[in-house]
Amino acid sequence: MADPLAQFEIERYVPILVGNADLSFTNSSLWMVVSAGAVYGLVMLGTRHHAMVPGRLQSVVELTYEFVADLVRENAGKEGMAYFPAVFTLFTFILMGNSLGVIPGIFTFTSHIIVTFTLAMGVFLGVTALGFWLHGWRFLSFFVPPGAPKLMIPVLVPIEILSYCFRPISLSIRLFVNMMAGHTMLKVFAGFIIALGVFGVAPLAVNVALTAFEIGVAFLQAYIFTVLTCIYLHDAIHMH
Amino acid sequence: MGKLLSTAGLFAVFAARLAAAAGDAEAEGGGLPQLDVSTYPSQIFWLILSFAVLYYLLTRKALPRVAEILEARQDRIAADLDRAARLRQEAEDTLRRYNAMIEEAQARARTLLHTAQERIASEFAERQAALEKELHDRIREAEERIAAAREKALAEIDEVAAELVQAAAQRLASLKITRKDARAAVARVAGE
């Protein structure tokens, strides 16, 4: 039986070395580039007619656009709309990576902790910088819970800061673990199909169901990542 | 874009340091591929590159195009609703004007009818009165004429009687009497 973790192996397609750093073009890089290209291509293809009454693809593009726009408006407020393009890019890029990954044989770059952590760190640093940029040092008052008794502040502030700093970790681990667990499970059951002979129909059926489930997870995790980003954005803009 | 690229560069340098530090730990193998630090620089680099390029392309071209389409539709719907409201207002105005016109016409028709009725009634009364007067006149005239005729007839009857008396006296008695005597005799008999 094949190793269910082999699918996460990084394969170097084009070795690139810049100084000491190995920036090789890998299977992960390939699907990142394909995802980015697919998102851009679909949006451009869908809107090429500028139709007043949208066709199927244009509807998909418009629905996605409005879905993300509503998400930002509802969770980060009107002022958050300034960062809509970043949130849209984040959502569509993760969604495309997750969904393409469900297709057998395609590498899922969001199943690597370093990818999700880099994305989460980008969100975290960007949002924190935005908070300081908008509010200056007053942004630090964000860590003092409103209405807390004065005596409790020395205890509460470190907790608040700690929970704030854990945001990128929970954000990245949630996405990475979900993608990795789903794909590992698919592979484990796939391994049983041949091994069980005729009775392999059972794990095959499980895999069919799991694949449907994974499509849901692919969307849901992209959605959760985006919603949390919007909520962090809200904190940075409005503080509480 | 420049800022993003420089951030990407910074990340690449950081990742390269990390990779160099973990260089000797790479040899272990067989572990979770996700924990293979040697792949991190490449993943971080390509992630930031593809994300940045996608962000740039979406911001510059794709998203404005979608926004433009949605806005155009929104404008079109708003314009249509506007026009519908204007047309409706116009229709209501027309209806109001039409109703006013009908009311005015009805009022005019009523007054016309009223005056016509009055005129007909007065004319009728006038004619009736004239007719009555004429009939009355004719009746009186006729009565007068009858009375005159009667008087004349009465006057003539004496003369005829006198003539008759004269003629009768001549034939029967061969008496020649004057018309004067005959008249006196008739008057004497008529007087009895």
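B:Lys61 counts as partly exposed because 14 C-beta neighbours sit inside 10 Å; the scale calls a residue buried at 20 or more other C-beta atoms within 10 Å of its own, exposed at 12 or fewer, and partly exposed in between, with C-beta atoms placed from the backbone. This is a predicted model, where local features need pLDDT of at least 70 and side-chain atom pairs count only at pLDDT 80 or more, while totals for chains, interfaces and linings use all residues. Residues are numbered from 1 along each chain as its sequence is written, and chains are lettered from A, with ligands numbered from 1, in the order in which they are written.

**Around B:Lys61**
- B:Lys61 belongs to helix H2 (residues 40–173) of chain B; helices (H or I, at least four residues) and strands (E, at least two) are DSSP runs numbered from the N terminus.
- From B:Lys61 to B:Arg140, 79 residues along the chain, the C-alpha separation is 116 Å.

**Chain A on its own**
- Chain A has seven helices and four strands, and its order along the sequence is β-β-β-β-α-α-α-α-α-α-α.
- Its C-alpha atoms fill a box of roughly 70 × 50 × 45 Å along the principal axes.
- Chain A has 240 residues, and 37% of them count as buried.
- Take the contacts in chain A between residues at least 6 apart in sequence: 63% of these join residues at least 24 apart. A contact here means C-beta atoms, placed from the backbone, within 7 Å.

**Where A meets B**
- On the A side 37 residues are in contact with 36 residues of chain B.
- Two or more residues each come from strand E3 (21–22), helix H1 (27–46), helix H2 (56–76), helix H3 (84–102) and helix H4 (113–135) of chain A, and H1(A) gives the most, with nine residues.
- By type, the chain A side splits into 23 nonpolar, 11 polar and three charged residues. Nonpolar covers Ala, Val, Leu, Ile, Met, Phe, Trp, Tyr, Cys and Pro, charged covers Asp, Glu, Lys and Arg, and the others, Gly among them, are polar.

**The largest nonpolar core**
- Its 64 residues include A:Val68, A:Val87, A:Phe91, A:Phe93, B:Leu54 and B:Leu58, which touch the most other members. Such a core is a set of buried Ala, Val, Leu, Ile, Met, Phe, Trp, Tyr and Cys residues joined through C-beta atoms within 7 Å.
- H2(B) supplies the largest share of this core, 15 residues.
- Leaving aside residues up to four places away in sequence, B:Leu58 touches A:Tyr40, A:Val43, A:Pro85, A:Phe88, A:Thr89 and B:Leu63.

Notes
Contact = placed C-beta atoms within 7 Å.
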